[in-house]
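Work through the exercises below with the sequence and the coordinates at hand. Each task is followed by a solution in steps.

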Amino acid sequence: MTDSKYFTTTKKGEIFELKAELNSDKKEKKKEAVKKVIASMTVGKDVSALFPDVVNCMQTDNLELKKLVYLYLMNYAKSQPDMAIMAVNTFVKDCEDPNPLIRALAVRTMGCIRVDKITEYLCEPLRKCLKDEDPYVRKTAAVCVAKLHDINAQLVEDQGFLDTLKDLISDSNPMVVANAVAALSEIAESHPSSNLLDLNPQSINKLLTALNECTEWGQIFILDCLANYTPKDDREAQSICERVTPRLSHANSAVVLSAVKVLMKFMEMLSKDLDYYGTLLKKLAPPLVTLLSAEPELQYVALRNINLIVQKRPEILKHEMKVFFVKYNDPIYVKLEKLDIMIRLASQANIAQVLAELKEYATEVDVDFVRKAVRAIGRCAIKVEQSAERCVSTLLDLIQTKVNYVVQEAIVVIKDIFRKYPNKYESVIATLCENLDSLDEPEARAAMIWIVGEYAERIDNADELLESFLEGFHDESTQVQLQLLTAIVKLFLKKPTETQELVQQVLSLATQDSDNPDLRDRGYIYWRLLSTDPVAAKEVVLAEKPLISEETDLIEPTLLDELICYIGTLASVYHKPPSAFVEGGRGVVHKTLPPRTASNESTESPETAPAGAPPGEQPDVIPAQGDLLGDLLNLDLGPPVSGPPLATSSVQMGAVDLLGGGLDSLIGGTNFVAPPTAAVPANLGAPIGSGLSDLFDLTSGVGTLSGSYVAPKAVWLPAMKAKGLEISGTFTRQVGSISMDLQLTNKALQVMTDFAIQFNRNSFGLAPAAPLQVHAPLSPNQTVEISLPLSTVGSVMKMEPLNNLQVAVKNNIDVFYFSTLYPLHILFVEDGKMDRQMFLATWKDIPNENEAQFQIRDCPLNAEAVSSKLQSSNIFTVARRNVEGQDMLYQSLKLTNGIWVLAELRIQPGNPSCTLSLKCRAPEVSQHVYQAYETILKN
Amino acid sequence: MIHSLFLINSSGDIFLEKHWKSVVSRSVCDYFFEAQERATEAENVPPVIPTPHHYLLSVYRHKIFFVAVIQTEVPPLFVIEFLHRVVDTFQDYFGVCSEPVIKDNVVVVYEVLEEMLDNGFPLATESNILKELIKPPTILRTVVNTITGSTNVGDQLPTGQLSVVPWRRTGVKYTNNEAYFDVIEEIDAIIDKSGSTITAEIQGVIDACVKLTGMPDLTLSFMNPRLLDDVSFHPCVRFKRWESERILSFIPPDGNFRLLSYHVSAQNLVAIPVYVKHNISFRDSSSFGRFEITVGPKQTMGKTIEGVTVTSQMPKGVLNMSLTPSQGTHTFDPVTKMLSWDVGKINPQKLPSLKGTMSLQAGASKPDENPTINLQFKIQQLAISGLKVNRLDMYGEKYKPFKGIKYMTKAGKFQVRT
């Protein structure tokens, strides 16, 4: 005898039959009939026509029948509001029933009947129930306030229910407290501005007490509520953390994750030196690991959150790599998340294990998963330098399997590896070329074409390969077309003789037969470049590429901090703040991590100040200066001149190709000339953004320098060109002596000793005044700073450009050569002030054709400032005049080899650019003096 | 909070819906069906699906999708945990959780769901309390109900609801007072080709069946409590005692419950009780491959390994297999390519093996992937982590209960790569 009998339809007049049964005199028959009605309702049949008959059964002392009728009412009251009124009296009467179960049931059901007319009658019973002697009734009534608020918010406020609800937070029964918190949180969500839950230390204490005693669900509500509180200092934060930690051992994973959220948030306030901080970190790992042994759906949510936690505090799970290893019968959504976290946790210590696993995954059946695994291998190579070699050989093994999609993914990632470690793994190109024919996805084709173009000089049949792609040019995707165009131009520049026809062909295909403006524009740019100045074209197209950065998919830090506040919520699953997706666009309050404030410190320390926005205020989401600059640059230099339009790297490439090219052409094209400013990333691994922010730092920092201006150290000799020795440096002039400040870094794995340095003959006779003294052997990863004094008594040979310096550095491994440009102002001597008369005479004496005029733009300084700035670099103001509102400065300087340079600087107040006229007997120095002027004035 | 719940069977029919707030049209499930179609297997349907106005959170259990609909920002784990609780409750009430059973008991299901949530807020999720509110159907009760006209809805306020021990009802009486504890450990492991362990961890639980009169207060202590890495307790366990003394002290719920679950992680060396020797080779030229596996005991502490089954998903290129087992029975399904071998007990003197050939698709190149072998087994009277209960004491009541402790080790996700 089962309920399924209620589903059987025997006759056409089913409703009619039920009606008759509902009106039966027999109790038993009535109940059976109501059950049939409910059963029909659950499967979506419309039984609303029976409304009056069912309501008639409500007046009964049989609890089950009453409940069933209530169930029916909740479902259909909305569609029959007038009829529903009939039920009101019974509800009101039931709210007075001596049995608390019935009182609670009545108030609960009334709240679920979403009919305006009924809500009016609900207020009085609800008020009574909120103060009921029985906590079971009170806790039910608390939820009822939330229900009522959902139907008629104004009514709830007018009736003062919110205050009563707030009072319930101090109730003696923990379940009532938990439900009151839950109800308030739900109401607060639709009223983000209201401070319904203004927490203070007293109420926090109440909540923490209730936390220990209420049900698991209540604990979740309370913990989520606690997470919105900002403790006043680190002591309070610690004491809350201490009381929340036991929740990490709860069997309910939602409780665990909510506790993790509270801890992650409040930890921000604790000092890292605190013992407690370390203990807390240790306590966080095991519960997170345990979440991964739960059901897959729970695992998924946990993994999405762990992804955030690992980015914020990688130290928590750094030893737990193995739990993220994928089981072959994990659901795909779990597999992909695990893989993501594996890469985030990959480090030198565990890379061997990770690689072995990834290789295993790459032979699995699921295509999406295999692709991601192959990509992961590439990301490991880029992230952990020591593993690059192994990763490449693993990828080669995978290519040998000839599984189509594996090969394609592998080629895409190998291209990135080439970008990261130039001149290291090009030997594998031959293997890659073998698989050319099997590539059918645009991304893989584009990557392969990029490789062929980039290394055209090492691939004998590069022209044939590219030609074969050209045949179906118009059928290719834009990505491939652009890449093909660039690759062929590169090939032409490298092997001009054999490939003239090919380049003609591709340029005409791109410019004449294509509808794609990007492609046409790029085609025209190349065409003009090639036809006007092939040398410049070479410098632009074949410029050295900046290195790609390691982690391209990290969440932006401010967003990450916000998301940490949302651990355990949908926001943490989507990795988007709730404002980005929550329905209705109600002004969702942004959350921020609390600033670190020590209890014994009254003022905030400067480093925490930026995070100090009070909670509830909008945090500023302006990206860091570096990012902003990067963006602007990207805008300006929008169309990438060369380089693949990859999602991860196009920004940097586009920007720097032009920049790099421009600089190279200024300098004149020796092979590794260090750029004179930090415009090209000073740091090898750094993306362009940081390079630019270096520039920024520079501007702000220079004013304080005494002595002549010192440029920041630039990398002169990158490690990969010198078997692991990296040299960066700059030139300084202080109290009459010139020195070369060097920074030697050992990036190799062996110790370096026996350093020596020598200069080639140069224009001003610069030579080391003392041997290069590196006292101790340089061990791996060690950096040493040396200041090498220079003299100007070495042998002289005119260089092109004038300030070019060729240097040889020797160590126990090999001899390395590099060249660099020194700024001319290091050669300006201290006694360069000319007497006024002498100045006038010399000015007249020097023929006019030796005069050179330059514009110094964007220099909004006044005459005094200019004068004093220049004086510190030994450019002396001889005289000053004011002619028609313009300040004229007459200046002199002397070079170490006795050459005098006379200058006239015209400054117009209000006009940021000034005019510089230089007169010198050796006019070839003028250009460099002007550059020195510019460097000094702008820094 | 939780708006609605839809139960959907694997053929995509919604066979039950329950709304705790206003009614959400079942058309919202269309988004779920789309996702279901996209996923190749039911297990792969993502647990969180956004739709324009709602979010669908689902769990897949017993071939039924339990799809919860939410509208505002709600902790997804909260919803998923709740859905699991619904499944557990159904199983507790009806013995099995399946579409026919749910349909057979639809009114009870509806009543139970109504008690579990109020306006989307959890109300009563402890099965002890639910059973007091709504009595589970039994054959006897149905008969009695029909004769006497009584109902299966209790009319008393469940006593536990508001007491400090909400998990236990008052006035429990038994003639035979007994308390049984099962220590069950599952080994999750991945073993690589060469037989070395890549990861291994133990998920342990202590399930209890306590039928004691009155309000007994129990303490349970271990010989080696430090073994446990991460423990999750039933709310009845007093956390402070555990923190300070490593003793489990609790007033137990009445009946069956999970006292704690724990985790012994990869850092501690986990003993692997079985090994699999395999020789699976596909040859390029011929359309036959060789297949041979042998299962043997490794670190079993002298106990017998029972209930061994070996399953393996063979590559698509395998058309059929002709194999001979030294013991047990085996099947190979040429459609799903699933090989399963029911081995039974392992006799260390005569190791079970399965040998034979595979016929491969002619002309096709050899499969790229090697099959992974999945292993199931049981070892009675052994907790592989070495965990041992020291003693169990009862306070607060005068009678002498009958106590018992059982150990068992099982394979969890135990995989051998080939």
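**Exercise 1. Cysteines**

Find how many disulfides the structure holds over all chains, and decide whether C225(A) is buried or exposed.

Solution. The model is a predicted one. Step one: the search for disulfides over all chains gives zero. Step two: C225(A) has a relative accessibility of 2%. A residue is buried under 20%, so C225(A) counts as buried. Step three: apply the cut-off to C29(B), which has 0% relative accessibility and therefore also counts as buried.

**Exercise 2. The interface of chains A and B**

Determine how many residues of each chain are in contact, what area chain B and chain A bury between them, and how many salt bridges are counted between them.

Solution. Step one: 97 residues of chain B touch 97 residues of chain A. Step two: the size of an interface is often expressed as the accessible area lost when the parts come together. For chain B and chain A the buried area is about 8300 Å², and carbon and sulfur atoms account for 58% of that area. Step three: eleven salt bridges are counted between the two chains. One salt bridge between side chains pairs K413(B) with D330(A), at 3.2 Å from N to O.

**Exercise 3. A strand of chain B**

State why strand β10 of chain B is described as largely enclosed, and name its antiparallel partners.

Solution. Step one: β10(B) covers residues 217-222, and five of its six residues are buried, so the rest of the structure largely encloses this strand. Step two: six bridges link β10(B) to β22(B), residues 389-395, in the antiparallel sense. Within this pairing, T219(B) lies opposite D393(B). Step three: β10(B) also pairs with β12(B), residues 247-250, through four antiparallel bridges. Here S221(B) faces I247(B).

**Exercise 4. A sheet of chain A**

Give the strand order of the open five-stranded sheet in chain A and identify its edge strands.

Solution. Step one: the order is β1-β2-β3-β6-β5, with antiparallel pairing. Step two: β1 (714-717) and β5 (767-768) of chain A each pair on one side only, which makes them the edge strands. Step three: β5(A) is joined by two bridges to the antiparallel strand β6(A), residues 783-791. P768(A) has L790(A) as its bridge partner in β6(A).

**Exercise 5. Chain A as a whole**

Report how many helices and strands chain A has and what share of its residues is buried.

Solution. Step one: chain A has 37 helices and 13 strands. Step two: 57% of its 939 residues count as buried.

Note on methods:
Residues are numbered from 1 along each chain as its sequence is written. Chains are lettered from A and ligands numbered from 1 in the order in which they are written. This is a predicted model: local features need pLDDT of at least 70, side-chain atom pairs count only at pLDDT 80 or more; totals for chains, interfaces and linings use all residues. Side-chain values use heavy atoms; hydrogens and water are left out. Two strands pair if DSSP finds at least two bridges between them. Buried means under 20% relative accessible area, exposed over 50%, partly exposed in between (1.4 Å probe, protein chains only). A disulfide is a pair of cysteine sulfur atoms within 2.5 Å. Contact means heavy atoms within 4.5 Å. Buried area is the accessible area (1.4 Å probe) that two parts lose on being put together, summed over both. A salt bridge is a side-chain nitrogen of Lys or Arg within 4 Å of a carboxyl oxygen of Asp or Glu.
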